[in-house]
Amino acid sequence: MLSRVNTCGLMGIDGYLVSVETYISNGIPAFEIVGLGDAAVKEAKERVRAAIKNSGFEFPSRRITINLAPADLKKEGTSYDLPMAAGILAAMGIVPGGVLSDSVLLGELSLDGTIRPVYGVLPKALTAKEKGFKTVYAPSENAREASVVKGINVIPVRNLYELVMHLRGEIVLKAADSTCNVFSFDDGENQPDFADVKGQEHVKRALEVAAAGGHNLIMIGSPGSGKTMLARRMPSILPDLTFEEALEITKIYSVAGLLPSDSSLVTRRPFRAPHHTISPVSLVGGGRVPRPGEVSLAHLGVLFLDELPEFGKNALEVLRQPLEDGFVHISRINASITYPCRTTLIAAANPCRCGFYLDETRECTCTPQEVRTYLGKLSGPLLDRIDIQVDVPTVRYSDLERETVSESSADIRKRVNVARNTQRKRFARTGIYCNAQMTSPMVRKYCRLGKAESELLREAFTSIGLTARSHDKILKVARTIADLEGSENISTVHISEAIQYRVLDRNLYR
C-alpha cells in the first residue's frame with residue numbers, strides 16, 4: 001500500500017515542495033523515515049504513532065517506510081508530523097488518497113493528536129500557491145499567517161481526528177477568513193516621537209537624511225546627550241511600509257519563530273537593538289540549524305548598535321559584508337542559505353572611555369593615547385560603510401526649559417516619503433531602492449556637480465583633511481539632501497551639509 005502526501009520545507013526564507021511517500025508492507029513491524037531528516041524528523045515516528053492511536057485509529061503492525069523527497073535536501077523541524085500521519089492513514093485506506101492530491105499539510109503533532117503550531121508557515125503557503133496547490137491545512141494558530149496568501153484556501157485544523165473526519169466528508173471545516181488580513185501600514189501612533197526631544201536639531205536633521213536615503217549613521221557624544229533616545233525615535237520617521245516589504249519582513253520573522261500568534265503580517269518597520277555582548281553568529285545568523293541573525297531581523301528597518309566600540313571585534317567585522325551586499329550567505333554541508341539584510345545601521349558611541357572628550361561641561365580624564373585607542377577599535381573598512389558621522393553635544397539647560405514644541409515625527413516622515421518616492425522612480429528596474437545603495441557608475445550619473453560644487457568639494461579635501469573614501473559618501477548624502485528639498489541638481493548648500501556629516505574624517509576624535 002502506497003500513498004503520497006505533499007508538504008513544504010524551508011531553505012532560508014523560501015519554501016520548497018516535499019513529497020511524503022508512505023509504503024506499508026508485510027514483514028517485521030518497523031517504522032523507518034528516510035530522506036535526510038534531522039533529529040526532530042527522526043523523532044516524529046514516536047509522535048505520529050501515539051497521535052494516531054490516541055485519535056482512535058489503528059496503527060498498523062507492519063513495516064512502514066516513509067521517504068521525504070527530494071532526499072538530497074536536509075529536512076528540519078516538526079512540521080512533517082501531520083503529513084506523515086496523514087500518509088499512513090491514506091496508505092491504510094482510512095483517508096481517501098485522492099482528496100490530498102491538491103493539498104499541502106503542515107503541523108506538529110502532540111501525543112494526544114492535537115496539532116501544534118510550527119515556524120515558517122507563510123513562506124510555505126507561498127510555495128504551495130506557486131506550485132499550483134489549492135488548499136493548505138495548517139494548525140489553527142498559524143491560519144491567520146497563512147491566509148495572507150491570496151488565491152489559496154487555508155483550512156485551520158485543531159487535531160488529527162478532526163482532519164480525518166473532514167477528509168472523509170463526515171464534517172466540514174471552514175476556511176480561514178482572509179478579509180481580516182487586509183494590509184494597512186502601522187504608522188506607530190504610540191511610538192516615541194521626535195516632538196519630545198529638546199534641542200539637538202542638527203542631529204534630528206541627520207537622522208532625517210539617513211531615513212530618506214537609507215544611509216548608515218553613527219552618533220558620537222558624551223553620556224546623557226540623547227544618542228539612544230534619538231535612535232529609538234528613528235523608526236517613527238522611516239518611509240511607509242508597502243505590502244511587498246511587509247511580506248518580506250514577515251517571512252523572516254515567521255522562519256525565526258518571532259511572529260506574534262495574534263498577527264498575520266508585520267506592519268511596522270523593525271527596530272533591533274542587540275546588546276554589545278552579542279556573538280557574531282547571533283548578529284549575522286548561522287548556527288547548527290541556520291537561523292536569521294539580528295541584521296536580518298532588522299531587514300528594511302533599523303539595526304541600532306549602542307556603545308559601538310564595546311562590541312567584540314569579530315562581531316563588528318562580520319557586519320562588513322552584510323552591510324555592503326544586503327544579504328547574508330550561510331554555507332553548510334547539505335545546503336547554502338541566504339537571508340536578506342537591507343537594513344539601516346544606526347550606531348552610537350562615546351568619544352572616549354570616560355565619555356567626556358570635547359565636552360564643554362565636564363573634564364575628560366583620558367590621556368590622548370586612550371582617546372585615540374578607544375575609537376580606534378572601529379576599523380576603517382567598517383567606518384567606510386557608514387555614510388553619516390555626526391557629533392552629539394551635551395544638551396543645554398536653555399533647550400530643556402524651552403516651551404516651544406519640536407517638529408513631530410509625522411511631519412518629518414512626510415518629507416521622507418516624498419524623497420523616497422523620488423528615489424524609487426529614479427532607480428526603477430535597477431534593483432535598488434535608495435541613494436545609499438548607488439554604485440560608483442550611478443554616483444557619476446545621478447550626482448553630477450557644477451563648477452562651484454566641484455571646487456567646494458576639492459577645497460574640503462585639502463583644508464579639512466577628508467579622505468578619498470569620503471568622496472562617494474558625500475555625494476550620496478548630498479543627493480539625498482537635494483531630494484528632500486525637491487531639487488534636481490546638487491548645489492553647494494547640499495555639498496556643504498554633507499561635508500558636515502563627516503566628523504571622524506575631520507580628525508576631531510583621532
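Contact here means heavy atoms within 4.5 Å. The structure before us is a predicted model, in which local features need pLDDT of at least 70 and side-chain atom pairs count only at pLDDT 80 or more, while totals for chains, interfaces and linings use all residues. Residues are numbered from 1 along each chain as its sequence is written, and side-chain values use heavy atoms, with hydrogens and water left out.

I begin with the domains. Their bounds come from an automatic or database domain assignment, which gives domain 1 (2–181) and domain 2 (194–506). Between them, 20 residues of domain 1 are in contact with 22 residues of domain 2. I13, Y119 and V148 supply 31% of the area that domain 1 buries against domain 2, more than any other three residues; buried area is the accessible area (1.4 Å probe) that two parts lose on being put together, summed over both. The total is about 1,700 Å², with carbon and sulfur atoms giving 67%.

The rule finds 1 salt bridge across this interface, that is, a side-chain nitrogen of Lys or Arg within 4 Å of a carboxyl oxygen of Asp or Glu. The side chains of D14 and K251 form a salt bridge at 3.2 Å, N to O.

I turn to the cysteines. The whole structure contains 0 disulfides, a disulfide being a pair of cysteine sulfur atoms within 2.5 Å. For C341, the nearest cysteine sulfur, that of C434, is 13 Å away. The sulfur of C352 lies 3.5 Å from that of C354, its closest, which is too far for a bond. C352 is buried, at 0% relative accessibility, where buried means under 20% relative accessible area (1.4 Å probe, protein chains only).

How values were computed: Buried means under 20% relative accessible area, exposed over 50%, partly exposed in between (1.4 Å probe, protein chains only).
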